[in-house]
Amino acid sequence: MPVIPRNYMPFLKWRGGEKKALASLAMDAKENILPLIEIVLPELDTSSNPMSSDFNSRTSLSTSSESYLTKAVRDIKNFWGSKPILVDLSLAASGDAKAFGTNEIISAAHEYDLSIIPVVNIRDTSTYISLLSSLHKSYDNGICIRLTPNDLLDFDLLNKQLEAFVEKIKVDYVDIDLVIDLKFTPSRKVYRRISLQIQSITHLNEWRSFVLASGAFPSSLMHCKQDEENLVKRNDWLGWITMTQMPGMIRIPTYGDYTIRHPIFSEEASRHHPSCSLKYTLELEWLVMKGEVLRFDHYLAHANSLMDDDYFYGEEFSRGDYIIREKGEYFPIYIQKKNNNPTKADGTGNATTWIEVGVSHHLAVVTSQLSKLT
């Protein structure tokens, strides 16, 4: 049974920028976080069949004969290592396909000697629940139950459902991570109410870990202005900090968030080009430096501006901050290249690069903040 770190649970899409951000995290920070990664499918190749959306056809993409999911496990080993990590396939599949994919992931994890913990919702199918029960018997890594807002409408009913679920899946409470995912951070009043309500959850002190997560980063930057330093409140963090100081708390849940990402994933939205904006986490806010779509040079301009700003944490704070300094110093060189020969002007980085920058810095900020509370 893996030893589970309890300080922080970031929710990450398992794509290039997030992978690199995890890989570059300092060792002491890695010891104190338990990531929940959401497998998202690669973009469909619709050139031959515009209507294709079959799960198996999308996961049959291979690298050296590896399936997409097996490759994801290999990437976990390369970018994260053998420390425990939660894996959720809900964004990629449902029903029998989810059971098939999870079985493939856990089997591959065993081959790589990894501690991958599968994620389940109490509304998942009997097939999937039976599979997780079997996998726990075989590999003894435990499971994670992820509750969403629809599960929190009636706490008396929820407790009955949890007890029935645990009995059905045949896994002890001490081997289960209970994650309450509020999705988008609710108002302070609602957040406080839910914080108190979850204290009534059955067997509260027996769960292996107990996490309250939400995300507050906006779905759109339309309200942010270009050529200005826009500040967006980190209401997920502010709500959690307020909750820790409330009376009547039997067990304070671990903090979880969606980093610099909006918590509601849209595959359609992910296909559109985002604005070239720099998202930089501060103590209580996000600094957003908004750029235009496909103007990758704006990333360099933002970095150049930020590296001499009082907001900047310094290039040694995280890998993301190092890249900001590097790209910021490169900006004048880029301008010179562009003036001399626009076709030779490169080195701006792309959206994946700047997701790595933002997530890397965010992870470092949150782990630093939490370390000061313990």
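Which residue counts as partly exposed at 46% relative accessibility? Glu329 does; buried means under 20% relative accessible area, exposed over 50%, and partly exposed in between (1.4 Å probe, protein chains only).

The model is predicted: local features need pLDDT of at least 70, side-chain atom pairs count only at pLDDT 80 or more, and totals for chains, interfaces and linings use all residues. Residues are numbered from 1 along each chain as its sequence is written, and side-chain values use heavy atoms, without hydrogens and water.

**View 1. Helix α11 against helix α12.** Residues 297-306 form α11 and residues 319-340 form α12; helices are DSSP runs (H or I, at least four residues), and strands are E runs of at least two. Their axes lie 7 Å apart, at about 125 degrees.

**View 2. Arg146 with Asp181.** Their side chains meet in a salt bridge at 2.9 Å, N to O (side-chain nitrogen of Lys or Arg within 4 Å of a carboxyl oxygen of Asp or Glu). Arg146 sits in strand β5 and Asp181 in strand β6, 35 residues apart. Arg146 is buried at 5% relative accessible area. Asp181 is buried at 0%.

**View 3. Arg325 and two glutamates.** Glu315 pairs with Arg325 at 3.4 Å, N to O. Glu315 lies in the loop between α11 and α12 and is partly exposed at 33%. Arg325 also meets Glu329, at 4.0 Å. Arg325 and Glu329 are 4 residues apart in α12, so about one helical turn separates them.

Methods
Axes are lines fitted to C-alpha atoms, for helices over the stretch in contact, and angles run from 0 to 180 degrees between N-to-C directions.
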